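Good morning, and thank you for coming. Please look at the model on the screen while I take you through it.

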Amino acid sequence: MAEIDAPEALTLRAIGIDDALSCAELSRRVGWPHRREDWEFVIGLGHGVVGVRDGKLVATALWWPYGKSHATLGMIIVAPEAQGAGIGKGLMQALLAQAGERSLMLNATVAGEPLYARLGFRPCGGVRQHHGHVLAVAAPKLGASERLRPASTADLSVLERLDQAATGLERKRTLAALLGCGECLVLERAGQPVGFSILRAFGRGHVIGPVVADSEADAPTLIACWLHGRAGQFMRVDLQLGSGLGDWLVQHGLAPAGDVTAMVRGDLPAAPGPARLHALINQALG
Ligand SMILES: CC(C)(COP(=O)(O)OP(=O)(O)OC[C@H]1O[C@@H](n2cnc3c(N)ncnc32)[C@H](O)[C@@H]1OP(=O)(O)O)[C@@H](O)C(=O)NCCC(=O)NCCS
């Protein structure tokens, strides 16, 4: 009788920065644009597991704590040839055990939604990705009492206050990391910070996010400031579904490129406002 090599069992182990290149190869196989650097960024900020079989990385799943009460989950991928065999469920069970009592949020693809629903996640909104090559965009017009100024690390508490008001989450560490790898502008009105936005390299080009502003009317200013002078460059923005900014982005070259369903398991964080999160950091970090 011919001998058949039984496939080696899957091993789950903690993810580390050194996995970033293999993770980028895996995510490319499911059509995601993340580069090695994008994986290094999210791995450095969070925790998670990888699934390894026959010495090859075939699955990933991460989570990011925001304070003691909440966390987001993301980068949940099973290699196409390994899907449908319970690995995704196993990854999720590992993350649920690590995250403990926290309420958990994620943005689910169509492929992931049934898995999360079975584990107690419920839909609570959505996110629409816009991307494309930027058209010619005028510099934003500012009122007499307004100014846009570059942020430095000294502004971390300003960003943290606006972001906390918008999300109800403690994201200081993530904001500090974003300041370290991206460019940030703060919008001031009469000397008071009323919003900020961050541009950073990501995937096929750049991403604008988070965009946090007290008023939705200020969000185009905080996006146009990055689009201006970048005609032809590839840009991405992940908008909260139902945002009034979609048509405006399309006019400037950033077409809709797919929706995901926001889901929560437990309680949504209470965001005091008036600031709102108009565009996400990315779909994994929220
Ligand atoms: C989503 C993904 C991680 C699921 O991984 P997987 O290993 O194939 O999932 P599992 O085999 O563990 O399936 C888990 C459960 O979901 C169910 N399920 C999986 N896909 C399903 C589908 N398309 N429709 C209905 N149920 C589905 C399974 O039947 C199983 O249910 P059970 O626990 O009752 O048996 C995988 O499809 C993937 O990597 N997709 C591409 C990347 C992606 O979209 N990731 C999600 C990001 S949010």
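Which residue of S4 does Pro65 stand opposite? Pro65 stands opposite Ala71. This is a predicted model, in which local features need pLDDT of at least 70, side-chain atom pairs count only at pLDDT 80 or more, and totals for chains, interfaces and linings use all residues. Residues are numbered from 1 along each chain as its sequence is written.

Let me begin with the strands. Helices (H or I, at least four residues) and strands (E, at least two) are DSSP runs, numbered from the N terminus. Strands S3 and S4 run antiparallel and are joined by seven bridges; two strands pair if DSSP finds at least two bridges between them. S4 and S5, the latter covering residues 103–108, run parallel, with three bridges joining them.

How many residues of S4 are buried? Nine of its nine residues are. A residue is buried if 20 or more other C-beta atoms lie within 10 Å of its own, exposed if 12 or fewer, and partly exposed in between, with C-beta atoms placed from the backbone.

I turn now to the hairpin. S3 and S4 form it with three residues between them, and Gly67 in the turn has a positive phi of about 75°. Gly67 has 14 other C-beta atoms within 10 Å and is therefore partly exposed. Leaving aside residues up to four places away in sequence, Gly67 touches Leu169 and Glu170; contact requires C-beta atoms, placed from the backbone, within 7 Å.

Next, the ligand. It is surrounded by 18 residues, the closest being Gln83, Gly88, Thr109, Gly112 and Pro114; a residue is near a molecule if its C-beta atom, placed from the backbone, lies within 6 Å of it. Strand S4 (70–78), helix H3 (87–99) and helix H4 (113–118) each give two or more residues to this shell. By class, the shell has 10 nonpolar, six polar and two charged residues. Here Ala, Val, Leu, Ile, Met, Phe, Trp, Tyr, Cys and Pro count as nonpolar, Asp, Glu, Lys and Arg as charged, and the others, Gly among them, as polar.

Finally, helix H6, residues 172–181, contains Ala176. Because 14 other C-beta atoms lie within 10 Å, Ala176 is partly exposed. Between the C-alpha atoms of Ala176 and Val211, which are 35 residues apart along the chain, the separation is 15 Å.

Note on methods: Two residues are in contact if their C-beta atoms, placed from the backbone, lie within 7 Å.
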